[in-house]
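Dear colleague,

I am passing on the structure that we talked about, with the sequence alongside.

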Amino acid sequence: MDLGITGKRALVCASSKGLGLGCAEALAEAGVDLVMNARGAEALEASAADIRTRFGVDVVTVAADVTTAAGQAAVLEAAQGVDILVNNAGGPPPGMWSDWDRDDFIAALDANMLTPIALIKGLVPAMMDRGWGRVVNITSQSVKAPIAVLGLSNAARTGLTGYIAGTSRQVAGSGVTINNLLPGIHATDRAVSLDTGVTKAKGITMEEAKAERCATIPAGRYGTREEFGAACAFLCSKHAGFIVGQNILLDGGGTNATI
């Protein structure tokens, strides 16, 4: 399918690996030039070089922590004029409700709610002026069905979801769509981190922890970055102009809900 976005330009945050990289690869395959951001310069440059070689698109890299004011300023300077924004940041650590204090919640809100809002405010007005734009926020299945040990993520990402619900409907008339992708477990470093926590808590191997988690997923496996990226690219395409303010699960059926 021709996504109709060849020659567009996108900012993809946290895109040196994992789901962000999957989105960057899928957009590049569709002919989109990229601004790629991540904290680690070495991994970022390696991923950018690979994308340039495979897809022949222009790639600008910004090695910065986008959750900080300085990082946001650097990314926004490089990304002025982009047509597409993919917001992404690693989730806060797991734990129990009694583990976290105010500083923990502020850090989670900064990373997973306030940072994407800042980038939206910095880039969407120009999209509206041009009459076309796409924003995709990578959140979590936990905004549909909370995960007990991910209370920080539950809180911050649900806050972003509420903000997007209203904002997306205010900008849609200017040709800009904003939607959220809600991943379940994918084969990324995040899955390794969560499975490692299970091994420590239960005294089991990584293989056993993964098998235990896969048994809770109707698809019987973890997702891949490639299929996640393909969904992101579709939401950024010319075909998705009537999809507004939606929360789309990519979780292998793991969230048990009728709607």
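This is a predicted model: local features need pLDDT of at least 70, side-chain atom pairs count only at pLDDT 80 or more; totals for chains, interfaces and linings use all residues.

Residues are numbered from 1 along each chain as its sequence is written, and side-chain values use heavy atoms, with hydrogens and water left out.

The protein has 8 helices and 7 strands (DSSP runs numbered from the N terminus, with H or I over at least four residues for helices and E over at least two for strands). Its radius of gyration, taken over C-alpha atoms, is 18 Å, which agrees with the value near 18 Å for a compact globule of 259 residues (the rule being 2.2 Å times the number of residues to the power 0.38). Of these 259 residues, 47% count as buried, meaning under 20% relative accessible area with a 1.4 Å probe and protein chains only.

Ile51 is in contact (heavy atoms within 4.5 Å) with residues including Leu21, Ala24, Leu34 and Val59, when neighbours within four places in sequence are left aside.

Met113 lies in helix α4 and is buried, because its relative accessible area is 19%. Beyond residues up to four places away in sequence, Met113 touches Ala108, Ala156, Gly159 and Leu160.

The structure also holds 1 cavity of 30 Å³ or more, where a cavity is a set of points on a 1 Å grid, over the protein atoms alone, at which a 1.4 Å probe fits but cannot get out, and lining residues have an atom within 4 Å of a point. The largest cavity has a volume of about 90 Å³, taken as the space filled by probe spheres set on the points, which are joined across faces, edges and corners. Of its 13 lining residues, Asn87, Asn88, Ala89, Ala111 and Pro116 are the closest to its centre. Helix α4 gives the most to this lining, with 4 residues.

Best wishes

Technical notes
On a 1 Å grid over the protein atoms alone, a cavity is a set of points where a 1.4 Å probe fits but cannot get out, and a pocket is an open set with protein on both sides within 12 Å along at least five of seven lines; lining residues have an atom within 4 Å of a point. Buried means under 20% relative accessible area, exposed over 50%, partly exposed in between (1.4 Å probe, protein chains only).
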